[in-house]
Every structure is written in C-alpha cells, then in structure tokens.
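Hi everyone, thanks for coming. I'd like to walk you through a structure today, a few spots at a time, so please have a look at it with me.

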Amino acid sequence: MVETTGIGYSPKDLQFGSDGRKKLISGVVKMSKAVKSTLGPGGNTVLIESPHHTHGITVTKDGVTVAKAIDLIDPSENLAVRMMKEAADRTATAAGDGTTTAIVLTEALVLGGLEHIKDDMNRTEVLRQMVDISNKVVDRLRRKAKKVSSSMLLDVASISSNNDREIGRIISEVYKDVGKTGIVTVERSQTTETYAETTKGLKIDRGYLSPLFINDQKKDECVFEDVMVLVADMEIANILQIENVLKPIISEGKKLLIIAPCNVNVVNTLAANVMKGHLKVVAVPPPNFGYKQHELMHDIAVSVGATYYSEKTGDDLSHINFGDLGHAAKVIVGKDKTVIIRSAAKSDEKLVEERVAQLWDGHKATAKKGEKDFFLERIASLTGGIGVIFVGGQTDLEQKELYDRVDDAVCAVRSALEEGILPGAGKALFEESLLIGTESQSNEQSAAIKIVSQALQVPLIQILANAGLKIEDIYKGEVAMGSGYNLKTGKMGDLVQMGVIDPLKVTRCALQNSVSVAITILSTNAIITMARTYEQQQ
C-alpha cells in the first residue's frame, strides 16, 4: 500500500492508443453534428439553453455561438470539444467568420485519418504530408483570389449575415463611408431599429497594460466615453510624476487614457485604484518602435489635441498638467489594439489638415515602398473614419441573434478587403480537392492525399445537404472552375458574378486551423484526464 499522508495528489484516468483516439473522435463527431447543421443559406438554427444568454436560452445560426455552448460529460470527449472550440475561436478571431467550416473540415480530416491511416504506416509521416498538401492548397487559393470591388461589398456582407440583403446594405455602405483604411465596430441599439453611424477616429496597434483595466468583461475591453488623453514617450516611473493630472481627474470624476510607457509599479497602482473604484483610467504602451514611435505619437497628439511630452524634445513629465491632456469622444481598448474616436473639444482640425499635408509631401518624397506604406497608414489614421453599426431587435433573443450575424459579417467584409475573395458555397475547396492529384511516392503520401482531398469536398456536400440536396443531383458532368450552384436562385453559373463568394482569409484560416487540430487528435497516443467520481456512462 502506498502512503499518501501529507502528499496532496489528484488521481487520473488514462487511455491509450486507438481507444483514446476513438474517445476524441466521438467528441469531434458530436460537436460537429450540432454545428454543421447551421452551414450555408439552407442551414438550420440551433436552440441553446445557457445561463450566459438572456432568459437562459438563445436561438442562433452562428457557428461559434453553438460551438461555445457545447461541453460534454465524458472528459476525453470534452478534450476534443475544447480543441475544436480553439480551432473555431482562432478562425473567428483571425477572420471573423468560417467557424462552422473549420469544425466541418476538422471532423472530415479526423474521420479520414481514422479510415486511411493503417497500423503498418508511419503515422507521423502521414500527418507531415497532410500539412504539406494543405500549405500547397492555401498557396493556390491565394493565387486565385480576386480583389474586392465596391460593387462586391454588398454580396460579401449579405452572404456573411446569412443572406440578409438589408443588413448587407448597411454594412457595405458603412465600409464605403470609412474607406478601406477605416474601422467598423458593432454595438447594441437602444431601439428596435438597426442603423449605422460613421465618425472620425484612429487605431493604435497596442492594448491595455493590465487586464484589470477591463470594464466590458464579455468583450475583454475597456470602453470609456468622454475621456481625457495623456500622450508621452518617456516612462512613468513613479505615480507622483502625473500627480498634477490625476488630482483633477479624480476630483471631477473624469476618465483618462494614458498612452505612455509605464513602470510595473505604476500599472499596479493604477489598476488597484481602478478595482477599488477610485479611478477611471486605462494605460496602453506607445505604438511601434524607434523613429516610427515618435512620429505616430505626434500624430496621436495632434489628433486628440494633446501636448506631446517627449524625451527627444527634452520635456520633463513632472511639469505635465490637466491643460496638456487631449480629449476623445470614446476609446475602446482591447488586448492588442486601441480605437480612439476623436472629438472636436480639443482637436484643431486645421492642425490635423496641416499634418496630413506634411505626410503627403513625405509620401511623394520617398521612393522606398516600406516608407510609402508607413506614410499611408499614418494618413489613414488621421483621416480614416470609424463606423459603428447599432443592432436593434424586437426582443433580446432577436437582438442577440442579429448582433452575432452582423458582427460576423463586419469581420468577413474586413477579411475580404484584406486578402480578396473566392467562389463561395464550398466550391473553392472542392475544386482544390480535384487538383491535389493521386500520384504518390509512398503509402503515407497516398493516405494523406486521400484524407485531405476527401475533407475538402465535405463543406460543399454539407451546404447542399442542409438544403435537402445531393451533390450527384446538382453537379452532373463537368463543371467549369469558378462555376457552381446558387442555392438562392436554383441556377448554375459563375459564383463570383452571382455574388456567391467567400473571403480568402476565412477559407484559409478555417483550413489551416482545422488541419492543426486534426493532426493533434490523430497523433495522440495517450490521454490523461482527472478521475471523476460519477459512474462512467457506457
């Protein structure tokens, strides 16, 4: 008998080899069944009971919402669910859409691996070949992608919002207003109406210095309206250096955004006061490095009407006072980016115009592409707009479902503008499955080709199945590249011209993330879970 007195330990359950993998695959299949029914225009809604939603229930066609709601009682199956959630989450974070596609692909890859990877094969080599094949598919998709024209924006937005033409129109008009350099965010409307507003603002690629500054827990953001802005590139090493600023902020109950390097002790002191409710403040580090940092900080100061305190000009931070602060109508500070919506309270439009004119002169004067791009980014940050779409609804449930759809569509349009578009309805991946070829040098490569090519066909098959159709009834004989079936009109034709399109970034991220998760599951040979006290279900 082993003596355990005084030694804290937690017993574990262990599963090995194919038994363990079968448990993971069972979890994958269960989750995919729930999520894949939402795919495509013929997809169905899912009813979810959850304490995280209004009245404890929600109805949605949003893949990521369905995925997040799933937890299974079996710990090994639930590990697979958690990995699938990560693939869906990573796809949603990077591209804003494609979560259902990622889950459908993951299931197809995992089931294909179970079927085609035999005991006498080198499993590691098969998985390596799968990665190589998927990388080649991504390269070909990049070459096929078409740039988005303004006329295509409506189609991208409509498809991503589950073929809602009215929502598509609102989103496309906002993007036309703010331009390709602009930013579009989604908020809940206080009325039943869904509408959009655009405003001038700028974005910094830096987030909060401490998660304790967060005041919107759901989005992991700190959101302030009517906020003062401190801009400095010298480190705040002691809280007393900004005492002259903090006193009036506290006494008048104002909010403060600090854009400056801060000592850990200063961040901790500010965060502690935020938690106690004494102070409404958020601190972010300066954007970029070197000379670029100095230039960007100067842009920010001009934009918000602040006095820029810089080491380069020999300023002393202890001299800063309330009058040196700028003002913003609103700031949204996330984990890795900050959006500042400008106000006219302290910003001098004439100074902003002068600054933009100087930047255009600099853009014309330089021959280096990197420098030209940097000037354009800065011009965009000073002149680009920020669009806000306010989502309404007759009920909380309706508003929640619409909010999810609009949020997805906004991100999908952004992804389409960034990397271009492909034929939709799963046809781009289906075409790639036919181009992989069948020639192979080994059994391992042959298995990898079969696994990936079969998986790439599944999204198109599932989209048709959700509409009650079979692929053999729709795609008879040879179909030209880029042509396919439009489920809304029931006609065959050029998918891009018909407006049936997917952003390349969405398709690419879904494929890459699904391959990553599938390989993790297929390469697993042992599973260790916490021992549960309930009776194992058979």
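Which residues in α14 meet which residues in α15? Before I answer, please keep in mind that this is a predicted model.

Let's find the two helices. Helix α14 covers residues 427–435 and helix α15 covers residues 443–466. On the α14 side, the residues are Lys427, Leu429, Phe430, Glu432, Ser433 and Leu434, and they meet Ser453, Leu456, Gln457, Pro459 and Leu460 in α15.

For α14 and α15, the angle is about 155° and the axes are 7 Å apart. Angles over 145 degrees count as roughly antiparallel, so α14 is roughly antiparallel to α15. The crossing of these two helices is left-handed.

While we are in this region, look at Ala425. Ala425 sits in the loop between β12, residues 421–423, and α14. This alanine has a positive phi of about 60°, although it is not a glycine.

Now a second pair of helices. Helix α7 spans residues 165–178 and helix α13 spans residues 396–419. Their axes come within 10 Å and cross at roughly 45°. With that angle, α7 and α13 are oblique to each other. Is the crossing left-handed or right-handed? Here α7 passes α13 in a right-handed crossing.

Let's see who touches whom. From α7 we have Ile167, Ile171 and Tyr175. They meet Leu402, Val406, Ala409, Val410, Val413, Arg414 and Leu417 in α13. This contact divides into nine nonpolar residues, no polar ones and one charged.

Next, aromatic rings. How many aromatic pairs does a search of the whole structure find? It finds one. The partners are Tyr195 and Phe390, and their rings are stacked, at 5.0 Å centre to centre with 20° between the planes. Tyr195 belongs to strand β5, residues 195–204, while Phe390 belongs to strand β11, residues 385–391, so the pair ties together parts that are 195 residues apart in sequence. Are the two partners buried or exposed? Tyr195 is partly exposed, with a relative accessible area of 28%, whereas Phe390 is buried, with a relative accessible area of 13%.

Let's move to helix α8, residues 243–251. Its buried residues are Val245, Leu246, Pro248 and Ile249. Those buried residues pack against β6, residues 222–231, and β7, residues 255–259. Just after α8 comes Gly253, with a positive phi of about 65°.

Strand β6 brings us to Asp226, which is found in that strand. Its phi is near 55°, a positive value in a residue other than glycine. At 48% relative accessibility, Asp226 counts as partly exposed. What is Asp226 in contact with, leaving aside its neighbours within four places in sequence? The contacts are Lys255, His327, Ala328, Ala329 and Lys330.

Two last residues to look at. His294 has its place in helix α10, residues 290–304. This histidine is buried, with a relative accessible area of 17%. Not counting residues up to four places away in sequence, His294 touches Asp233, Tyr308, Ser310 and Lys312.

And finally, Ser50. Where is Ser50 found? It is in the loop between β2, residues 46–49, and β3, residues 57–60. Although in a loop, Ser50 counts as buried, at 9% relative accessibility. Not counting residues up to four places away in sequence, Ser50 touches Gly56 and Ile57. The C-alpha atoms of Ser50 and Glu401 are separated by 14 Å, and these two residues are 351 residues apart along the chain.

Technical notes
Residues numbered from 1 in each chain as written. Predicted model: local features only at pLDDT ≥ 70, side-chain atom pairs only at ≥ 80, totals over all residues. Heavy atoms only, no water. Axes fitted to C-alpha atoms, helices over the stretch in contact; angles between N-to-C directions. Helix = DSSP H or I, 4+ residues; strand = E, 2+ residues; numbered from the N terminus. Parallel < 35°, antiparallel > 145°, perpendicular 65-115°, else oblique. Left-handed = near helix turned anticlockwise from the far one by under 90°. Contact = heavy atoms within 4.5 Å. Nonpolar A, V, L, I, M, F, W, Y, C, P; charged D, E, K, R; others polar. Phe/Tyr/Trp six-rings, centres within 6.5 Å; stacked < 30°, edge-to-face > 60°. Buried < 20%, exposed > 50% of the residue type's maximum accessible area, 1.4 Å probe, protein only.
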